[in-house]
Structure formats: C-alpha cells, structure tokens
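Thanks for coming. Please look at the model on the screen while I go through the whole chain and then one residue.

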Amino acid sequence: MTPTIKRKALLPVLEAIAEALMPSQPDKAAAARMDGKQDVARLYAASGKQQKNHMNQILLRMETNLTPESQTELFLLLNLLTWRIGCLLLCGFSALIGTFPFVATFDELPVTRREQVLQSWATSRIPQFRKAFKALQGLIMSVVLTAVDDKHANPVWPGMGYPGPMPVEPSKVNPKTVEAHKALQAGLVPLGRAHEQGKSPAQLRDIAAAKGLQVQDALRPSGPELEEEAGAGLVVKCDAVVVGSGAGAGPCTALLAAAGLRVVVLEKGTFTPNHELTLTEGDALCSMYEQDAMMCTEDGNIFIWAGATVGGGTRVNWCVSFRTPEHVRREWSEEYGLPMFTSDRYTRAMDAVCKRLGVSEEYKHGKQAQTMMDGLQAIGLKVANMPRNCLSHDCGHCCFGCPTGDKQDMTTTFLADAARDGAKIVTGIYADKIITSPTTSTTAVNGQVTDAYTNGHSASKANSEQIPSNHPGHAGHAAPSRAQQAGGVVGYLGTGKDRVKCVFKAPIVVSSAGSINSPALLLRSGIMVNGNVGKNLRLHPAATTPAIFSEQEHGRINMWQGPMMTAYSPDAPDWEGGGYGPMVSTPPVHPGLFASGVPWQGGEAFKASLEHYSNTALACTYVRDRGSGRVTIDKQGKPRLHYTISPFDQKSMWKGLDIDIRAMAAAGAERVNNGGCGPNDTLHLSGNPAEDGPRLEKFLTRFHAAGYNPYQRAHLSMHQMGTCRMGASPHCSVADSEGQCWDVAGLYIADASCFPTASGVNPMITTESIAYTVGEGIAAKYQHLAGKRRQPVDIKYDV
C-alpha cells in the first residue's frame, strides 16, 4: 500500500519536520570519528529525512491508523505548512526571510529555524501545538528508529549501543513450548491467510471441514436458517464461540474444551512460532499490536498498547504476574456486591492460573531494575520483586514475542491445552456482531439454553447433581430472566467488496476481545445494558522519567537486557490506605518507543539522548486510576476511546514521578528529566550531596508548582479495563458475577473489561482468574451439550 497522491504532496514538509527533529550534525560526527567512535559518528551524521520510504510509511500509517478527526487535524497542519501564509500563521516570526517573498514555506526554512519552531510547539501554552508536536514526534520516530534493512539492522542503532534483535535457533526453543505449539497449530484454522491467497468460499469451507469444524452447506442450510446467514460463504455449528484469544480467552476456552464442548475461538490476528519471530520492534508493532501500536485516546494524549495476535496481550506483555491484591478483592466484594472475589473459589482460580503459568519471584534483576531498587532503598522505601511468568527471566524482547518460549503465555499454556482437547482457533477473522434472538419459553429456562439450540439435549434434562446446588446454573436456583438469547457470531474474512461473511452458530458466546473490542462488539450488536456497555474505562495511565548515568562509574544500563520490569515499591501504591496510588518500576524500552517519547529539547539534545540510550535508566509510573472514560464506536463500528486523566489521578501520577526522580537521583544519576521538553525540566547533578540536595528540592518544588498539563509529556496505557464490568445489578454493570450479560442469555464476558474498577497492578492474572471462574460456571451449566458425542475429560488445573 502507498499513500494517496494528494497526501504525497505533503512529503517535503514531512521530511523537513523529520530533519528538524533529528538533524544531521557533521561537526559532532567528525569529532566522534576523530575519537575512533565510528558508530557514534554515523549516529550524528544521520538525519531523520534520509530515507524517503520512511516518509511514505509515516503517511500511510496516518491514513490507516489515525481517527478521521486526528487525520483532519494533522493533515491540515501539514498542508498549512506548505503555504507561506499558513507557515506564517503557525510559525510566527520564524517564517520570515530577508528576501522576496519574505515569508517561507516550512521546508524552505533553515533546519535551525525549524528546530526553534518545533521547540516552541513542544513547550507552547497552547495545548493544540503541544498535541501536534507529540503526535509528529511519535509518528516519525516510531518509523525512523524501527525501520530495518534486509539484515534487520538500522544504521542508528550501533551508535545508541543497541545490538538489535537476537533471534533464537529452533533448537534453542524450550522443548515444552515446541510441543505446546505443535498442539496449538493442529487446532489453528488460518482462514484469513487462505482468503488472502484468493481461496473461494467453497475452498474455505473445505479447509474448515478438513480442520474438524462442523461446516453447514451454505447452499443447503439445515434447520431453521438465521437471518444473519444470508450471504454467508461459511456457516459453522459449535457449542461455544469465544471472541479473542488473550488472557481471558485462554482459561475459559481450555475449561470448556476439557468439559467436552465444541469450542471455536475467533482471532483477528495471526500466530507466529517462536523461532520465526524477527524480534524487530517495527515488525512486532505492526503485526502484534492494535493499529500498529498507534491507537490513542480521542484527545490524543495517551497512546494505547494492546495485543492483537494469537495469545493477545499475554504474547507481548512484560511477564508481570500479580495476583489480585487483597484490598482490591475486598473492594470488589464489599462495594460492588461481588462476594465471589473474596471466596475460596476465586482463590483456587488464582492458584490454578499461577501454577499453570509457572509464576515465580526467583530471578536476578537486570541492571536497570537493580538501579531502581538501589534508589528506592536509598530514599527509604521498601522494595520487592515482581512475580513473573517466565522460566528463564533473561530476555528483554518479550514485548515482541518470546524467542525461547520460556514465557508462559496463552499459546504455550491454556490455548495449547484447549487445542489438545479439540478446540479450534480461526485466525485472521474479524468478529463483527453477536447473533441474538428473543428469548421465549421454548428457547430458554432461567437463562439456560434448551432443545431449540442444543441439538436436542435440553438443559432441563441435564443431571443437576453435576452442578453445585448454589450455582446459578442449577435447576433449582433462580436466575434472572433475559430478554435476548445468544445464537452465535457473524465475522468477516478480509475487507471491502471481496470480504467473505462467516457465521458461527452456537448457544454460548464468550466475549474475550479485551476492554477495547469487547464493548465495541456488544455495541455493534445493539447490546447496551442500560447504557453501561463501554462505560468505566480504566487505563492505568503511565509516564516516564529518563535518567542518564555515567558509563564510567555505573557501566551500561542496557534497559533492553535482562528480566523485564522486575522491581517495584509496595509503599508507593498506598495498598494499606485507599489503594489508589502510583506503581513505580522500570520498563524495557527499545529504540522506537524511546525516541517517540523521550523529551525533545532540540535536535542536538535529542541526538545526545540517543547516544546515551545505553546508559539511560527509565523509571515508569502508572496510576490506579479512580477516574474513568468510555469506549464508543464510530459509524464504521470501530472503537473510539474517550478518556481524560482526572485531577485525582494527576496528583497520583505526580506523586509517582516525584518518587521516580528522587530514586534516580539517589541511585547516582548525572541527569534526571521529569518527562517535559522545557529547559527547566532536566535536573543536573554533581554527585556532591551538599549541592544536589537543595538542587533536587528546588527542582521538585518547581515541578509540583507547574502541575499537570496535557501533551507536556508522553503518556502510555498498557492495561485497559472495566468497559463491560461485573456487578450486582444491570443498572450499574454489564454482567453478573458469573460473567453472563444481564440482557442476553448465553453471552458471557471473560476478559479485563469485566473488572469493576482498575486493578492497580498488571491485570493478566486477575483477567485469567476471572475467566477461569467464568469458564467453570459455563462448563457446569452447559455440560449437557457434550451429550453422547464425547464424555467430559478431567479438568486438569485444580490445585
């Protein structure tokens, strides 16, 4: 794909911005060459505009990933900069030149003048200028610093001290993972790839049938044909459809398959075996993350990272595996009417999940994490090891997929287990809507599916002794009546006029598409639940504090090496108080993300930041947000995230950044930046406590006095929660304590969207534990669906 011709006219101004962000510095390059630092010389000689294909990629990403409103804003700005009057309007006196016509277009200005303009935007009092600058820095640097040649190398990386990807030979992959992936691949049905290869609907049906799916002849439908089947190229019958393949889908699918149900998982992403992962940042962001990792909130203030591959976020996360904190369990139980969270049943679910994932706190910290621990202890805070689900703990590339297979993500654990028990995972398919129909006395009893939906096996005939008497699925337990009944999912292979409609008919639908896509799926299906679907969005908004250390005194930090994100302080989050405090730690950040978010204080300072990348430690704060936002859908049915960091959460973030700055200073940093682009946003330290103490306090006083303003620093969300939350009533929630939607019988939510509030810690274990309990409940309630086709197998995760 290439940008439109109209957009290509903007290439000169985009190149001019890229060059100003990252200008060539011949004098610095020559000095480095004289010192024998050839790699550093190439770094300083490089320019952000050197590769024209980079600019085409940037334009294409803008066209394909930004919301229409964001596109309008950015393209308007770029267009204005191509006009003299527009350049004068946006750049002020900097656009003036001494000869006719006395006003220049942006690309005609000297690079130093362009730098001044960008610096004025980055620190402007006008938020729209700051917003534009942050967007341009992120878009341009995420391409320039991740682009690779045919040898998977980038010319700037050596000067940064970054070695690039380190793929693993197939023989070095964990043998257990190799076996797990064999089982997983046996259950994969790659219909998306087959459609891309030009396979006809008839061929797609043959592929699906050969993989073990119960395919209905599209020309000769059996039984009552659903309206949604009209025009379908593929119709499949099963017992349960699970949308998504991440942390929520894994345990739920495994338990349903183990109970003997025919389960089909729908995943829009693809699967790449460990030894085939390139481990390059650019490839991973474009193939394993939502919208090429360019999704952001509607106001453009927070970038969103969410997994979009088989295994979901578990495939690309940083291994942190916190159990649901006790204060969160009590809050959800007592304040949200969900006693399940303080029950032994939920504790057993967490135990089973942690056992299956091999969660451990036994490892050696990497240099960056150890630096953070030293600093936290020096300022009097407790430190602790983060629990992690990785068997080796020695790789910093897990955000691009685990090369060794030691990370116990869904593809090596629950999804592989499900595939062994007969579950099928259809890849490359977009789940568009949930099929629903009115519930009548002949189709449901107390929310349970009966003969019309179960091939003659009635829920009323199920052996009630198999279901606990206090479970909502028990015949004697009254369940709320629901006006609608789930009947399956409609999905599509491909887009545009060549797309193929696929219908998966099932009495059980589990939405495990995540807190962005689960509410979008429900909304596209007309499921609102009193307007609660999409509300309560929590993001754990994050900000970072880069600190540069002397390589001579401290050695290289190499933040991309060693176990990722391992050290934290249990004092900072205020777990013993209200529980709504900041979490402080150190993330492994690779060049693209680093260059996209590092404070930009001019071209020369930016190049210096890149040179010092290998001896930079990055402290990170994310807050357990008390405020919330909302997910809506646009006219095309795509999710839109509306979220503003609340005043309470701004104060919480500032508290965390204060801790980060103090810890980095105490650990011996030479320079610490508070995340801002202004000249007063960097603290210079001498190593003399008598001088540095007052200097630090003055710096922090100024930092707190300035307060929070949007677009002054980079914000990122790696955890999205709460948009289809569980609760005690349909008036304030989407699903009951068993995960079943209040409005639709047979529709379940099993992902982080059902959190009542933010968890305050990495949500993976909480998500999987909730999904585990949801899966247990569904398996007990619908065990009759297994019928005589197949006897249920023992569920193997009990501890």
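The chain has 27 helices and 26 strands; these are DSSP runs, with helices being H or I of at least four residues and strands E of at least two, numbered from the N terminus. This is a predicted model, where local features need pLDDT of at least 70 and side-chain atom pairs pLDDT 80 or more, while totals for chains, interfaces and linings use all residues. Residues are numbered from 1 along each chain as its sequence is written, and side-chain values use heavy atoms, without hydrogens and water.

Now burial. Of the 799 residues in the chain, 61% are buried, meaning under 20% relative accessible area, with exposed over 50% and partly exposed in between, for a 1.4 Å probe and protein chains only. The C-alpha atoms fill a box of roughly 85 × 60 × 55 Å along the principal axes.

Next, the single residue. Where is Asp-751? Asp-751 sits in the loop between β26 (747-749) and α27 (764-781). Asp-751 counts as buried because its relative accessibility is 2%.

What does Asp-751 touch? Leaving out residues up to four places away in sequence, its contacts include Gly-248, Ser-511 and Thr-767, where contact means heavy atoms within 4.5 Å.

The side chain of Asp-751 also makes a polar contact of 2.6 Å with the side chain of Ser-518. A polar contact is a pair of N or O atoms within 3.5 Å; within protein, one must be able to donate a hydrogen and the other to accept it, and residues adjacent in sequence count only if both atoms are side-chain atoms. A polar atom of the Asp-751 side chain lies 2.9 Å from the backbone nitrogen of Gly-514.
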